[in-house]
Amino acid sequence: MDLTTATDMDSYKLLNLALRKGGDYADLYFEQTTFHSIVLRDGEVNAASTHNEGGLGIRVVSGQNTGYAYTESSLPRDREEAARTASHIAQGLIRTSQPAAIATLNLPDRYRIVKPWEEFSPQEKMPFLYDLNDRIFSADKRVKKVTAQLSDSTSQIEIYNSLGIHCADIRPMASLSVSCVMESGGQRESASSSRSFRMGGEFLTPGLIEELAREIIDRTSFLFGAKQPNGGEMPVVMAAGGSGILLHEAIGHAFEADFARKKVSIFSDMMGKRVCSPGITVIDDGTIAGNRGSLNVDDEGVPGQKTYMVTDGILTSFLHDRISARYFQAEPTGNGRRESFRYMPLPRMRATYMDNGPDTEEALIASVKKGLYVDTFSNGQVQIGAGDFTFYVKSGYLIENGKLTQPIKDTNIIGNGPEALARITGVANNCAIDNGTWTCGKEQSCAVSCGMPSVLVSSLTVGGRV
Amino acid sequence: MKQKDLLQQMCDYALQGALRKGAQHARVAAISNTANELSVLNDSIETIQKAVDSSLMIHLFVDGRYGTCSTNKADPAGIDKLLDDAVASVRLLAPDPFRILVPGELRYEGDPLYSAHRGSVDTGVKKAFLSGCAASVWGKDPALISVTAGYSDYRRWLHLADTDGLNCTSEETWYSLSVECAVRGRGDARPSDWDYLGGIKPENIGIGKETPCTCAATALERALSKRNPGKIASGRYPVIVENRVAATLLAPLIEAMSGSSLQQQNSFLLDKLGKSIASPALTLIDNPHRKGSPGYRFFDNEGLRTAKRTVIESGRLNTFFLSTYYALKMQMPPTISSPSLLFLKGGKGSAATIAGSMKNGIFVTGFNGGNCNTATGDFSYGIEGYKVENGQITYPVNEMVMTGNMLDLWNRLLAAGDDALTTMSWQIPSLLFDNIEFAGL
């Protein structure tokens with residue numbers, strides 16, 4: 001997709017065509033993305049991939065209904081055909097609205113690129129992977145295998161809509177993932193670690209490599225002494241950082257307003273009501289500099305912003321795209337996101353976290369007689385309507401008489417969103433954002449992040465031996 | 001020009017370009033795809049989508065080094081630029097002597113694969129069909145909050161070629177219908193459930209048939225039956241896993257049989273080839289050549305010829321899934337990079353009939369999250385389903401977790417039903433396991 005072939009005038013004409021049968025709103029989403037990755041396996045960086053793609057997605061909204069089509073072609077006739085296809089969602093025979101005159105939005109720069117990725121060759125990236133590999137092998141004789149992947153992408157997007165908004169954004173993404181297999185006495189264990197930011201080549205530093213090497217060694221070593229816990233209901237202390245998966249699964253999805261609009265979320269009727277204890281505030285934030293989930297502008301031209309979903313225990317905002325905002329007569333919250341030009345936007349999270357509370361992590365642990373402390377996670381899921389959510393714990397400890405004791409691993413924890421929120425009985429003052437490669441899979445893949453201070457949930461169901 | 005010829009032309013251009021830019025070998029996959037989607041929310045069309053895609057994936061073998069590049073801009077100038085950059089990048093990598101094209105004796109050289117419906121369905125017909133499907137339940141039950149019906153179809157052409165003479169073509173269509181119903185449950189809860197149909201022809205999902213579609217009624221009935229669930233006491237229970245979710249428990253076994261897991265020593269099936277890994281009740285066959293099923297194929301993504309294989313026979317592990325790359329690294333013969341159409345050999349009966357002989361157990365109808373440690377086989381999955389008492393499926397259970405080790409689990413397989421769903425590429429019937437750990441109350 002050559003963005004420069006779309007002028008303001010061309011775009012206005014396409015919007016006009018898209019609204020030819022009626023419809024309340026139309027937008028154009030131009031995208032050009034370049035992706036690179038290199039892989040280290042068995043001690044060598046010996047695989048590389050490059051991918052580039054581009055296209056234009058055209059959407060027409062009529063009430064709550066959406067027509068969508070995309071084209072990979074930059075030919076005017078193909079773009080016009082996509083506009084005509086999208087226009088079919090409107091049932092009318094005549095135009096009911098006219099696109100507004102186009103004006104360009106000025107946007108902040110939350111992910112300034114110091115070293116553009118296109119200026120990096122594999123030769124400059126490879127030493128970092130070799131350094132990571134060497135550090136891991138030299139740190140522990142039990143290491144048998146290391147695999148590492150460095151990926152970068154740069155997306156140029158440009159949006160025009162019938163409200164007259166035009167904006168453009170350049171979105172970088174850098175990710176480094178490593179996995180390690182160790183063996184000792186016939187026991188094999190594997191773990192993985194990652195970092196991801198919206199950054200250019202300045203992402204790669206010796207400090208990053210050292211930190212990741214140390215973390216993967218610690219994580220894999222830990223598993224040798226760990227075992228699956230005994231299962232059942234028990235209090236769970238969730239460590240600061242990746243425990244934000246609790247917020248993402250337990251409440252974040254249920255607060256995405258498309259579910260509320262369709263009345264299928266368990267929180268559909270709870271706006272303005274208490275959903276957790278006073279003092280608890282939960283935020284979805286697109287404004288953290290360089291964060292994986294941050295956005296200067298969302299994918300329907302709404303500026304990135306910070307949204308307070310729960311304020312002092314009260315549900316204060318859903319996460320909106322333009323369709324749900326209109327339905328609820330609320331302002332869009334900048335959560336209209338999509339995987340690429342091939343998809344229509346949906347309400348999606350960005351960086352979801354909880355504000356600090358008054359406690360310390362030590363005090364939360366000390367208050368538990370028999371329970372679990374969990375600190376690394378791999379995946380989660382939620383049933384929006386029933387409210388049941390789960391997250392998979394890679395490591396943690398038993399808590400016995402207020403102290404961390406036996407290391408544990410590989411347990412799925414399950415709870416019910418509203419009940420789990422109400423059972424948060426302690427919040428520490430150590431909020432941390434987890435900067436791993438979190439990716440949300442609601443119909444489409446979207447880069448997100450999450451964070452949390454350490455919290456105590458008085459009862460969750462822990463999977464394990466019985 | 002026909003789509004097939006256009007894709008072959010793209011492949012030829014890319015292969016010649018790769019050689020011209022300095023590669024000694026190359027493989028190219030060109031794909032073209034058209035897709036349509038419609039959805040109905042309650043009583044009105046909610047979304048209409050149309051997609052037309054193309055993509056080109058080029059595998060480059062340059063001076064003993066390997067890399068890939070891909071694009072959806074398959075014009076000659078775009079391909080040339082892509083190849084210039086990619087060949088230059090690949091030259092900077094370390095050599096990898098294990099990257100090869102598929103050897104001639106393993107290469108697929110037969111007829112094009114045609115697994116497609118010849119016609120197309122008018123948009124008006126799709127709308128009417130989908131609206132009728134949703135209307136069959138909308139407004140019919142006071143507990144029903146929403147019904148979402150989704151229709152999709154696609155037609156996909158693939159041409160796969162390499163510089164050693166590989167030339168494979170396929171054309172496939174798939175039509176699908178999914179329906180989800182959400183109902184009012186206890187308190188603010190809104191349990192939901194779904195049903196699905198799929199096939200290579202519109203008739204497979206009920207379009208053009210006189211009998212009304214029952215998907216929505218099934219989804220509603222299932223959602224209603226999930227109201228007011230509860231946990232039961234933690235303990236060991238016999239368990240029936242329903243046909244439509246049983247593949248979840250098979251996936252970690254397949255993952256552990258893959259070359260990437262095995263070669264990286266990240267597999268609980270390392271050193272298990274030829275050995276008993278499961279109960280004699282488990283026989284698993286990969287049969288790629290059953291026409292009309294999803295997963296039907298003559299060749300894999302390298303051009304390796306597919307063949308019928310008994311993966312596990314009466315509990316004994318017979319084969320791994322090895323691409324040419326991992327096979328060479330492991331000094332074993334290549335098989336296929338991944339399974340195509342898996343059949344778990346069934347016995348008799350459906351989940352309900354199997355439950356008839358269960359005194360006190362759990363019938364799992366859905367998994368909620370969870371994972372399996374590929375190195376050790378330890379797993380933990382959230383579940384939902386029903387309590388079984390004295391042969392009867394009784395009340396719904398949720399918020400429980402099933403935990404164990406994969407090898408132990410599959411050694412506890414007592415029986416398989418005969419109710420595998422033909423709309424899935426892994427056709428696994430309902431399964432009965434004995435004495436599995438569940439955490440609940």
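Chain A and chain B of this predicted model bury about 6100 Å² between them, 44% of it on carbon and sulfur atoms; buried area is the accessible area (1.4 Å probe) that two parts lose on being put together, summed over both. Residues count from 1 along each chain as its sequence is written. Local features need pLDDT of at least 70, and side-chain atom pairs count only at pLDDT 80 or more, while totals for chains, interfaces and linings use all residues.

Select both chains. In contact (heavy atoms within 4.5 Å) are 84 residues of chain A and 77 residues of chain B. Seven salt bridges are counted between the two chains, a salt bridge being a side-chain nitrogen of Lys or Arg within 4 Å of a carboxyl oxygen of Asp or Glu. Next, show the side chains of B:Glu46 and A:Lys262, which form a salt bridge at 3.6 Å, N to O.

Move to chain B and select H1 (residues 3-21) and H2 (residues 76-90), which pack at about 40° with axes 10 Å apart. H1(B) and H2(B) are therefore oblique to each other (angles under 35 degrees count as roughly parallel, over 145 as roughly antiparallel, 65 to 115 as roughly perpendicular and the rest as oblique). Residues to display in this contact include B:Tyr13 and B:Gly17 of H1(B) and B:Ile79 and B:Leu83 of H2(B).

Finally, in chain A, select H1 (residues 8-18) and H2 (residues 76-87), where the angle is about 30° and the axes are 8 Å apart. H1(A) and H2(A) are therefore roughly parallel to each other. Their contact includes A:Leu14 of H1(A) and A:Ala83 of H2(A).

Notes:
Chains are lettered from A and ligands numbered from 1 in the order in which they are written. Side-chain values use heavy atoms; hydrogens and water are left out. Axes are lines fitted to C-alpha atoms, for helices over the stretch in contact, and angles run from 0 to 180 degrees between N-to-C directions. Helices (H or I, at least four residues) and strands (E, at least two) are DSSP runs, numbered from the N terminus.
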